[in-house]
Amino acid sequence: MIRSIRHRTARAHSTARAIPEGGACHWRVRGRALGLMFSILSLPSISVAETSLPVPSGQPVHLSDVLLDNNPGELWVRFRFIAPKIGATVGRIGYDVASNDMEHLCQTLAVAYVAQHDLDPALVVISMSDRPIQFGDAAPDATQFFEAYRLEQSRCIWEGL
């Protein structure tokens, strides 16, 4: 049975910056066909949580949550992904590669989602974690990467916070 991914309101126990100090490298990734994303989400025999989304690095990435967050004083739509191969040690996928994947996910998944649900967010935040983490909980042993984008004419524009 397909588990339907729907957005919910974000509620955090604490606050943290969505982007590390200094930002990240900005890479342009050509948008891929949205049809692939919609076909993955509509497969009758595969759970969305078990379906790996295609990203430029080829790493396995799974959509965990879509959260609507008004806590910063404006609407932020947060797309939370599980990417078990990210990390800073040898053999893991580092931030420089994962940032490409995050921009790709913004362009191919977030843009379509925001349009489909008629949302007008100030920011779209794409996050990756090497393991499931409850939103707002501290997890110092987990690897987490974040990127923020504003949407302009159906394009993700990187925002350094």
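A residue is called buried when its relative accessible area is under 20%. By that criterion, 45% of the 161 residues of the protein count as buried. The model is predicted, and its mean pLDDT is 78.

**Overall architecture**

- The protein contains 2 helices and 6 strands, which follow one another from the N terminus in the order β-α-β-β-α-β-β-β.
- When contacts between residues at least 6 apart in sequence are considered, 66% of them join residues at least 24 apart.
- The accessible surface amounts to about 8,800 Å², and carbon and sulfur atoms contribute 52% of that surface.

**Confidence of the prediction**

- A pLDDT of 70 or more is reached by 68% of the residues.
- Residues 13–49 have pLDDT under 50 throughout, although the model has 74 contacts beyond four places in sequence for this stretch.
- Where pLDDT is low, the predicted coordinates should not be read in detail.

**The disulfide**

- A search of the whole structure finds 1 disulfide, formed by Cys 106 and Cys 156 with their sulfur atoms 2.1 Å apart.
- The disulfide is left-handed because the torsion about its S-S bond is about -90 degrees.
- Cys 106 belongs to helix α2 (residues 95–116) and Cys 156 to strand β6 (residues 155–158), so the pair ties together parts that are 50 residues apart in sequence.
- Cys 106 counts as buried, because its relative accessibility is 0%.
- Cys 156 is likewise buried, with a relative accessible area of 0%.

**Aromatic pairs**

- A pair of aromatic rings is described by the distance of the centres and the angle of the planes.
- The count for this protein comes to 2 aromatic pairs.
- Phe 79 and Tyr 113 form an edge-to-face pair, because their planes stand at 90 degrees, with the ring centres 5.4 Å apart.
- Since Phe 79 lies in strand β3 (residues 76–82) and Tyr 113 in helix α2, this pair ties together parts that are 34 residues apart in sequence.
- Both Phe 79 and Tyr 113 are buried.
- Tyr 95 and Phe 145 also form an edge-to-face pair, at 5.2 Å centre to centre and with 80 degrees between the planes.
- Tyr 95 is located in helix α2 and Phe 145 in strand β5 (residues 144–152), so their pairing ties together parts that are 50 residues apart in sequence.
- Phe 145 counts as buried, because its relative accessibility is 10%.

Methods: Residues are numbered from 1 along each chain as its sequence is written. This is a predicted model: local features need pLDDT of at least 70, side-chain atom pairs count only at pLDDT 80 or more; totals for chains, interfaces and linings use all residues. Side-chain values use heavy atoms; hydrogens and water are left out. Helices (H or I, at least four residues) and strands (E, at least two) are DSSP runs, numbered from the N terminus. Buried means under 20% relative accessible area, exposed over 50%, partly exposed in between (1.4 Å probe, protein chains only). Contact means heavy atoms within 4.5 Å. Accessible areas come from the Shrake-Rupley method with a 1.4 Å probe; for residues, only the protein chains shown count as cover. A disulfide is a pair of cysteine sulfur atoms within 2.5 Å. pLDDT is the predictor's confidence in each residue, from 0 to 100. Rings of Phe, Tyr and Trp (its six-membered ring) pair if their centres lie within 6.5 Å; planes under 30 degrees apart count as stacked, over 60 as edge-to-face and the rest as tilted.
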